[in-house]
Amino acid sequence: MKKNILIFGSISGLIVSSMAITMAIKCVNNEDFSGNMLLGYTFMLLAFSFVFVGIKNYRDKFNEGIITFNKAFKIGLLITLVASTIYVLIWLITYYCFVPDFMDKYTAHVLREAAANNPSKVVMDEKIAEMANYKEMYKNPVLVVLFTYLEIFPIGLLITIISALILKRKVNPKAS
């Protein structure tokens, strides 16, 4: 089971980490964050499809076609943790070594987007204060790790639950 989790978690983690690198390169080159959300969720869904594949692989190859929801959930959760941890580590390296000014560029982008909607001075001041708060929090490496896990882990958890529900099987279909 451990080998299965490590293989599929690593594949998933490498796919989703390529997203972090792609977004960092895009940020460094032109400070344009448009489309990043769509790109990010696309990479996450692609990467976390390996949660489904990993659970199915374990069920069919190592467990005689049988798996409970709890076992499938546990395997999926561990694959998600491996993938999320790889993503967090890659983001930390990317952020601290290659784009240490990420929050400055991201803040400028968010404020440009907010200003494009012609908000009132009060709304704009609130947005400026909010982004200043995020920039301050991002100076703490522990918070960077927590924010990065919060960015990816919930998607993996949702896909784990769906996969476990779809793949649970109490009886081997070949034995019937």
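Axes are lines fitted to C-alpha atoms, for helices over the stretch in contact, and angles run from 0 to 180 degrees between N-to-C directions. Helices (H or I, at least four residues) are DSSP runs, numbered from the N terminus. The model is predicted: local features need pLDDT of at least 70, side-chain atom pairs count only at pLDDT 80 or more, and totals for chains, interfaces and linings use all residues. Residues are numbered from 1 along each chain as its sequence is written, and side-chain values use heavy atoms, with hydrogens and water left out.

**Helix pairs**

| Pair | Angle between axes | Distance between axes |
|---|---|---|
| α3 and α6 | about 150 degrees | 8 Å |
| α2 and α6 | roughly 35 degrees | within 9 Å |
| α4 and α5 | about 165 degrees | 10 Å |

Helix α3 covers residues 69–98 and helix α6 residues 141–167, and their axes pack at about 150 degrees. That angle makes α3 roughly antiparallel to α6 (over 145 degrees). The crossing of α3 past α6 is right-handed, that is, the near helix is turned clockwise from the far one by less than a right angle. In the contact of α3 with α6 there are 20 nonpolar, seven polar and one charged residues. Here Ala, Val, Leu, Ile, Met, Phe, Trp, Tyr, Cys and Pro count as nonpolar, Asp, Glu, Lys and Arg as charged, and the others, Gly among them, as polar.

Helix α2 also passes α6 in a right-handed crossing. Residues of α2 in this contact (heavy atoms within 4.5 Å) include Phe-48 and Arg-59, and those of α6 include Glu-151 and Leu-167. The contact of α2 with α6 divides into 13 nonpolar, three polar and three charged residues.

Helix α4 is roughly antiparallel to α5, and α4 passes α5 in a right-handed crossing. Among the residues that meet are Met-103 and Tyr-106 of α4 and Met-124 and Tyr-134 of α5.

**The largest pocket**

A pocket is an open set of points on a 1 Å grid over the protein atoms alone, where a 1.4 Å probe fits, with protein on both sides within 12 Å along at least five of seven lines; lining residues have an atom within 4 Å of a point. Of its 25 lining residues, Met-23, Met-37, Phe-102, Tyr-106 and Glu-151 are the closest to its centre. By class, the lining has 19 nonpolar, three polar and three charged residues.

Notes:
Helices (H or I, at least four residues) and strands (E, at least two) are DSSP runs, numbered from the N terminus. Angles under 35 degrees count as roughly parallel, over 145 as roughly antiparallel, 65 to 115 as roughly perpendicular and the rest as oblique.
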